[in-house]
2 protein chains.
Amino acid sequence: MKSVTIKDVAKRLNVSISSVSRAFNNSYDIKKETRERILRTAQEMGYYPNPIAQKLTQKKTFNIGVVVPEFINEYYSEVIRGIQDILTSLGYQVLIMQSDNKHERELKNVKTLIHNMMDGLIICPSVKSKNMDYYLDEINKGYPIVFLNRIEQSFPANKVLFNNTKWGFFATEHLIYQGYKKIYHLSGSNDLGITKDRTQGFIKALAKHGFSKDDYKVIETGILPENAMARVQELIDNKDLPEAFMCVNDLVALSTISVLRQNQIEVPNDIGVVGFTETKIADLVSPKLSSVKQPTYEMGKSAAEMLMKVIKKETMSSNTIILNGSLNIRESSIRANQ
Amino acid sequence: MKSVTIKDVAKRLNVSISSVSRAFNNSYDIKKETRERILRTAQEMGYYPNPIAQKLTQKKTFNIGVVVPEFINEYYSEVIRGIQDILTSLGYQVLIMQSDNKHERELKNVKTLIHNMMDGLIICPSVKSKNMDYYLDEINKGYPIVFLNRIEQSFPANKVLFNNTKWGFFATEHLIYQGYKKIYHLSGSNDLGITKDRTQGFIKALAKHGFSKDDYKVIETGILPENAMARVQELIDNKDLPEAFMCVNDLVALSTISVLRQNQIEVPNDIGVVGFTETKIADLVSPKLSSVKQPTYEMGKSAAEMLMKVIKKETMSSNTIILNGSLNIRESSIRANQ
DNA sequence: CTGAAAGCGCTAACAT
DNA sequence: ATGTTAGCGCTTTCAG
């Protein structure tokens, strides 16, 4: 694995290593001819400046690190697409690390990335992270970091967010306007700020429309199918069914519909269902799933653009960008005429 | 962004930098006390060996690079989980790059990763890549690379694969056993080896069971919903419908079912459908989707384990691991009694 | 325009 | 057990 170094090239052409360096860095103070000659034979010899060595002497690496908690649905995949589309067009390379929803792993990932001299970081935190001190320290040292999703709005850093409370509210209100009188929310973990916010939105909407305690319920199912299915089955067994479900995400919504169907309960004729964080299949299943679409791709783009500004020191303060979503009403929440 | 270096620590304690280095590398030739003293004040000062500098002098970085073409479905997400589970337990860090299905970007990613001194690479190629020379060169130089999926079985390198032909065959044969007499295959692009293989399997199964040219068709829809939906609608309009569809993947299968439903054609009562590369929702939709499950997580694990062997030089030759899948028969391909 | 030399932060002989 | 020194491959003054 011995590779060609700057010295080899220099020796071969009887020039100094500085000249070779200059040739590659497009320096002004080098004769065009020598430059070309050097580049040519370097090419031949398969020489390429060693980025590690470059990093040791320079400040910029043109590498950006991205930390995500997971890839289980399309969410972060699209965020990453947004990030990459902006960044690669500007000549940056994007290195991704996955934290598996564990804060410790996330911290380790961030450190690895920083130590590997990324020019900046986009961090999608795992959970309402306890230990943000390290990040704050780095930011204060001047290290460019932008956060995306799952972070408190009050956190003093650059970040791009989605307003889960607001859209949880709208999704619920849509159900109310459809005339559903008893609505349950299948919620995510209370440890997760974003799903907690959806629950807040749910409760706010009910409060606004004068629902009484008997007319709604929040059931913490988490975001995975198995548990959601079990809880819905319980409700059926206990004859404790609402007229509609507001679900923490599409997977839970689909699971709910599936269990209901197994029990000969039809959506939306018997019960209405609305999902959240719309996935591609919302439009392909039957009934088509109503859901809140998050601007994932745009969030990635915004975060990348924000990071660029931070790197170029065009912004100092802690900016927060909150992007808008949309409520896509399809079949699963359209109440039959009565 | 000035950070503490080994010198600072040395100066502070009036020891040489070698001692500090030794302390951190757990070298045998250092007194326990000094070691502890150094580590303690290093801690205080916030010192941490600069990995870039370390890389310049050492060979090992304990970083592994992974290149994937995309994240659009769960496929590569699970592969990555498999890879990470093995590698992080061995003290490695996994850096991921995404090629967006473009060979050029893939090549650039690979170079970035190699130049950043990853100890090894797991490459999931984008398409039947034309230009594999660079990879071959690196492998010949002794650089540890393992390929995963979407690569010719004949390619002389370590790789882990799925036998798409075989499982395409099984999926089709299942349809035949169900008694479907006319079967169409909605195929992926012919440029993509893996989907082409599924088509091969499809054709083989039909040949084995004596289907005539009139009883089947291969329609190249690609792997995205929009086009598949349009093509299926065309078939309906032309009254050119088969008794069953063998689809290149779940998304296309779901799209097909969706279009059929819009035209009052029910699956599986009127037409059978089977998918490929099973996704989580196969079990949640109605009708539940029959599909071929690929061992994604295991493929990731195998690739990681293989890479470790290559790195430890426990293997030299070009090994190929082919993992088994399963055909999960659900509702969408169960032919009604006649 | 080009070369010599210092230095980036660290490791690894080589001394002592 | 500890210090000294020579690199690792490159960039960047500083001379000329």
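Me: Which atoms lie 2.9 Å apart between Gln54(A) and DNA strand D?

Reply: A polar contact is a pair of N or O atoms within 3.5 Å; within protein, one must be able to donate a hydrogen and the other to accept it, and residues adjacent in sequence count only if both atoms are side-chain atoms. In this predicted model, a polar side-chain atom of Gln54(A) is 2.9 Å from a phosphate oxygen of DNA strand D. Local features need pLDDT of at least 70, and side-chain atom pairs count only at pLDDT 80 or more.

Me: Which residues come nearest to DNA strand D?

Reply: A residue is near a strand if one of its heavy atoms lies within 4 Å of it. Of the 31 residues around DNA strand D, those that come nearest are Ile6(A), Ser21(A), Ser18(B), Arg22(B) and Asp29(B). Sugar or phosphate accounts for 60% of the atoms of DNA strand D within 4 Å of the protein, and bases for the rest.

Me: How many salt bridges are counted between chain B and chain A?

Reply: A salt bridge is a side-chain nitrogen of Lys or Arg within 4 Å of a carboxyl oxygen of Asp or Glu. Between chain B and chain A the count is zero. Polar contacts, in turn, join 14 residue pairs across this interface, both residues at pLDDT 80 or more.

Conventions. Residues are numbered from 1 along each chain as its sequence is written. Chains are lettered from A and ligands numbered from 1 in the order in which they are written. Side-chain values use heavy atoms; hydrogens and water are left out.
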